[in-house]
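Hello,

I am passing this structure on to you.

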Amino acid sequence: MTMAMRSRLLVICFGDSLTAGFQSPTRNNPQGQPTPYGEWIQEFIGPVGLVRTSGVCGELTGEMVLRFRRDVLAHHPSFVVILGGTNDLGWNAVPEAIMGNLIKLYEQTLAAWGVPVPVTVPSIRVEERGESPDREAWVADHLSRRCRLNGMIRDYAQSKQLAWIDLFEATAEPDSRQLAAVYSNDGLHLSTAGYRLLAELVYRHALNPAIPQ
């Protein structure tokens, strides 16, 4: 890669509220100020390129597909970090249907000579409030569907020899498989530490290997 090519590096972080960096108000962040992980990626890559964030809170993967050409492909990105599916899972969509939409995003990126960076959906966190069979079944179902979707994301990335980010494994508690407290803002969205970790993983595994030192 020549210096001229490096100057044209464009990274677009694409997805829903997890891409927008949404945070609910907390003691440490009383205003609920968003902390998009793309801002840290920009710090990491410096003048080599430009990082843009395109995240819409509450968006489903089907809606992501509809705006993808306008908001992403029209800008001719070098890399597209794609994180979606959390809201679909919240509406009880089946993982296979979600993956179908994600594959459209991956394939359209490849067809446009960009590199998709698939990211797995993080876990959830439900604070303990006594034992409840209904609660345990609800959590188990949500974790199961996340793991099914994430397995498909992993398999796709490996089949295409793409760098991929296992955000679920990086932020989940080993025993409960729920989102670790340090990375959880409100049980669904990430904390500042969680978003920064995502940026570090994207840079380390997908972007840094492509940038000459």
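The largest nonpolar core has 28 residues, of which Tyr37, Ile41, Val81 and Leu198 touch the most other members. A nonpolar core here is a set of buried Ala, Val, Leu, Ile, Met, Phe, Trp, Tyr and Cys residues joined through side-chain atoms within 4.5 Å; buried means under 20% relative accessible area, exposed over 50%, and partly exposed in between, with a 1.4 Å probe and protein chains only. At least two residues of this core come from each of S1, H3, S3 and H9, and H9 gives the largest share, eight residues. Helices (H or I, at least four residues) and strands (E, at least two) are DSSP runs, numbered from the N terminus. Apart from this core lies another one of 22 residues, including Ile12, Val72, Val80 and Tyr156.

The model is predicted: local features need pLDDT of at least 70, side-chain atom pairs count only at pLDDT 80 or more, and totals for chains, interfaces and linings use all residues. Residues are numbered from 1 along each chain as its sequence is written, and side-chain values use heavy atoms, with hydrogens and water left out.

Tyr37 sits in the loop between helix H2 (17-20) and H3. Its relative accessible area is 0%, so Tyr37 is buried. Contact means heavy atoms within 4.5 Å. Not counting residues up to four places away in sequence, Tyr37 touches Cys13, Phe14, Leu18, Thr19, Val81, Tyr195, Leu198 and Ala199. With the same exclusion, Leu198 is in contact with Tyr37, Leu83, Val119, Ile165 and Leu167.

Next, the sheet. Four strands form an open sheet in the order S2-S1-S3-S4, with parallel pairing; two strands pair if DSSP finds at least two bridges between them. Strand S2 (49-55) and strand S4 (115-118) are at the edges with a single partner strand each, so one side of each has no neighbour in the sheet. From one strand to the next, the twist averages 20 degrees. Strand S1 (residues 9-15) runs parallel to S2 and is joined to S2 by seven bridges. Helix H3 (residues 38-45) lies across S1 and S2, at about 175 degrees to S2. Axes are lines fitted to C-alpha atoms, for helices over the stretch in contact, and angles run from 0 to 180 degrees between N-to-C directions.

Lastly, His189 is in the loop between helix H8 (167-171) and helix H9 (192-207). His189 counts as buried because its relative accessibility is 11%.

Regards
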